Amino acid sequence: MFFKRCLYLINLVLSHMLWNGGDVLASDTPSDFSIFGRAITRLQIGDNDFLSRRATGLTQSVRLAAEKTITPRLTFLVEGEAVVAIVDKFNDGTGNNPNRLLIPDPNTLELNRLQLQYSLDEQSFLTVGRQILAIDDQRILGATPFRQNTQTFDAVHFSKRFGSQATFQAGYFNKVYRPLGGDNINGRFAGNSYFLTGNIETPLGRLGGFHYALDLESGPDVNANNRASSQTTGVRLDGRLHRENYGVDWEGAYARQRDYADSPLNYDAKYWLAKILLYKGETRFGFSTEVLGGGGEQSFQTPLASLRKFQGFANVFLITPINGVVDIEANFAWKAGTIAAFERVSAKISHHWFSAERGGANYGNETDVTIEGTYRGNVLSVGVASYRASTFATDTTRFFLSLQRHF
């Protein structure tokens, strides 16, 4: 059904081109073809006090894409992705190694993207097919860039820029291909979902609004799980003020989430964010407070987010606890130019204090450290995350060493 809709929309696109005089279909228009990809080799080690054995995973992912410029306005892209575990002593989310820590990078071989993108003009784009959706800060809808298996969507996505002053995006999708893969009961979502976002520049920064209506079903058709379905509406403001080597960035957001579609739950949960970053040259200090509230039968959830960007690298809060979570974070970051053989080097240390939004219980705290260097276009990253539990989960430690190459 989805690809029938895609064909219908493609027909509309072609009709629009013909109505514009057929210039973009001219046979003498030059065509471009390119092949590109990405490969990531990653070692991950982790354990916690609840599980009996340490998790060790050495995984390799390869993403290969081909892009064809059919006309100056119409581009076709196809991309495949493969993930294989060289060392598989970890729980990949498909039911194996349950006594080891979860590292959600299962073996996969799948069609990652298959899309047509049409440019209505220099600032308006319509993309149809299986694609990546990374909207705003990816707190609700993201691509999970750290995971070996990218999250993609069978979707229709329209984006429009109004110079440098405003943007608008709208989209519909009915399938979600999650990083967990098809062998996990929650590795695929189906349902009719849509989103709307818009931003406009103001004297205080970029002011935006958003609405996500997510109809998410997983599991067997005879016993579909609709508990992840939700609708989220909110506003955000982000701005910056920089003067030579000094500067400050700020960001704030508020949202309300409720049950949606066939969800059996009845809840109403809130979200708040306040963030500030101070710059001096290549040194940065940041402080933020993020609140995912409790809401009765369900707390504020973001199953389609790029989750590793938020609430620490130990992945303790991938699912928000029923009483919500307050994340207070302080971080320090630094960048440098050439060091030894590396062309660019950066480092960041973050500390999180976690507590319950309802009741105020102290969940625990976490420290994350990452170092990254670039050599001839290859990116080498190393990091460690240490979560120390108080009243939620157990002590958890994760380590990763990653080499990323583009070609």
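Analyst: Let's start with Arg63, which forms a salt bridge with Glu81, the closest N and O atoms being 3.3 Å apart. (A salt bridge here is a side-chain nitrogen of Lys or Arg within 4 Å of a carboxyl oxygen of Asp or Glu.) This pair links distant parts of the chain, with Arg63 in strand E2 (residues 55-69) and Glu81 in strand E3, 18 residues apart; strands are DSSP runs of at least two residues, numbered from the N terminus. Arg63 is buried at 12% relative accessible area, and Glu81 is buried at 2%, where buried means under 20% (1.4 Å probe, protein chains only).

A quick caveat: this is a predicted model, so local features need pLDDT of at least 70 and side-chain atom pairs pLDDT 80 or more, while totals for chains, interfaces and linings use all residues. Residues are numbered from 1 along each chain as its sequence is written, and side-chain values use heavy atoms, leaving out hydrogens and water.

Asp105 pairs with Arg147, with 2.9 Å between the closest N and O atoms. Asp105 sits in the loop between E3 and strand E4 (108-121), and Arg147 in the loop between strand E5 (124-131) and E6, 42 residues apart. Asp105 is buried at 1%, and Arg147 is buried at 10%.

Then there's Arg139 with Glu290, at 2.8 Å. Arg139 lies in the loop between E5 and E6 and Glu290 in strand E13 (residues 283-293), so the bridge ties together parts 151 residues apart in sequence. Arg139 is buried at 3%, Glu290 at 6%. Elsewhere, shared partners join Asp137, Arg236, Glu251 and Lys275 into one salt-bridge network. The structure holds 15 salt bridges.

Key: Helix = DSSP H or I, 4+ residues; strand = E, 2+ residues; numbered from the N terminus. Buried < 20%, exposed > 50% of the residue type's maximum accessible area, 1.4 Å probe, protein only.
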